Amino acid sequence: MASETPPSVPLPRSSSSAGTLKNKPPVWAIDDATPSVPAPLPAKCARHAREGEVCCKELKGEDERQLIDPDIVRDIVIGLSDGLTVPFALTAGLSSLGESKLVVLGGIAELIAGAISMGIGGFLASQAERDHYRYLRRTTSARVLRSCDGEMEREVHAVLGAVGVDEKVSRQVAHSLLEVECAADREGGLPDEEGGLRWSRTVGITEFLLKFGEGLEEVPTRRLYLSAFTIGAGYLLGGIIPLIPYFFIATAHIALIYSSIFTGIVLLIFGAVKARITGAAGKGASGYVWGAVSTLAVGGAAAAAAYGIVALLESKE
């Protein structure tokens, strides 16, 4: 019995010049496929029907831009915020001693200890998050193995039904995910540090339930060290700013005035930049103003509270 040749999809010659798609694979419009044959997903593109032959993935809005990883932004904000407020409050309290040399020595000691402590805290926090995810992955995988198909269909539909997917499609998705996970367990591969397959952990119903049901994702090992470095470096960079005037002015009380002004300006700039890289600024200038003022208010309130407590304790002595 002769094998049947699968139907082919006739693809017309692209009308674009060689320079337009020089570094891109040829893509034809969805309307150019033979009606009786389903077009593969890579061929479903209407760039040739659009002026300039621009793919919809390349179209961007007025304020659309590539943002920095939110985890890195969070670590930077934590490190810089603490670095700008805690050392400033300490140097403000030490300014009552009168000499800037003592303020500098005390501030540097606190700065180094604080940066190390903040870095270790970031490392341990990321490590705890990773261990929590791995524990849930083991328990969820074991629960999938001992559960019936109906229970898995209900759990998948609980996730997909909330976003408008009907029950029939949810069942099909559940069966596909179960088949993929079972196939991944049967296939061979390179073992990871826990004896599993490197690639099998990212497919199947276990990964689906963790990512979309619980909102959890694997924390890579490099994230532990990156978080520690980012938070520690942010604290060190932010903490050196309030100390700068004390290096050049011998009288601590006068240096405190310049330190307050300098730190306030940096807090304003930091707030505006934070609003920009997180996307909170929006189109107008009001977003930048609000980010700068709110950061100054929070940082200034924390520093003023610490300085006030130190001044109150000194007055009682």
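The largest nonpolar core of this predicted model has eleven residues in all, namely Val144, Met152, Val156, Val159, Leu160, Ala174, Leu177, Leu178, Ile205, Phe208 and Leu209. A nonpolar core is here a set of buried Ala, Val, Leu, Ile, Met, Phe, Trp, Tyr and Cys residues joined through side-chain atoms within 4.5 Å, where buried means under 20% relative accessible area, exposed over 50% and partly exposed in between, with a 1.4 Å probe and protein chains only. Helix H3 (149–160), helix H4 (167–186) and H5 each supply at least two residues of this core, and the largest share, four residues, comes from H3.

Residues are numbered from 1 along each chain as its sequence is written. Local features need pLDDT of at least 70 and side-chain atom pairs count only at pLDDT 80 or more, while totals for chains, interfaces and linings use all residues, and side-chain values use heavy atoms, with hydrogens and water left out.

The chain as a whole has eight helices and zero strands, these being DSSP runs numbered from the N terminus (helices H or I, at least four residues; strands E, at least two). Of its 317 residues, 32% are buried, and among the contacts with a separation of 6 or more, 66% are between residues 24 or more positions apart.

Two packed helices are described by the angle between their axes and the distance between the axes. Helix H1 (residues 70–94) and H7 pack at an angle of about 170°, with their axes 11 Å apart; axes are lines fitted to C-alpha atoms, for helices over the stretch in contact, and angles run from 0 to 180 degrees between N-to-C directions. H1 is therefore roughly antiparallel to H7, since angles over 145 degrees count as roughly antiparallel, under 35 as roughly parallel, 65 to 115 as roughly perpendicular and the rest as oblique.

Threonine 263, found in helix H7 (residues 252–278), counts as buried at 4% relative accessibility, and it touches Leu84, Phe88 and Pro242, not counting residues up to four places away in sequence. Lysine 211, in helix H5 (residues 205–213), is instead partly exposed, with a relative accessible area of 35%; leaving aside its neighbours within four places in sequence, lysine 211 is in contact with Leu216 and Glu217.

Technical notes: Contact means heavy atoms within 4.5 Å.
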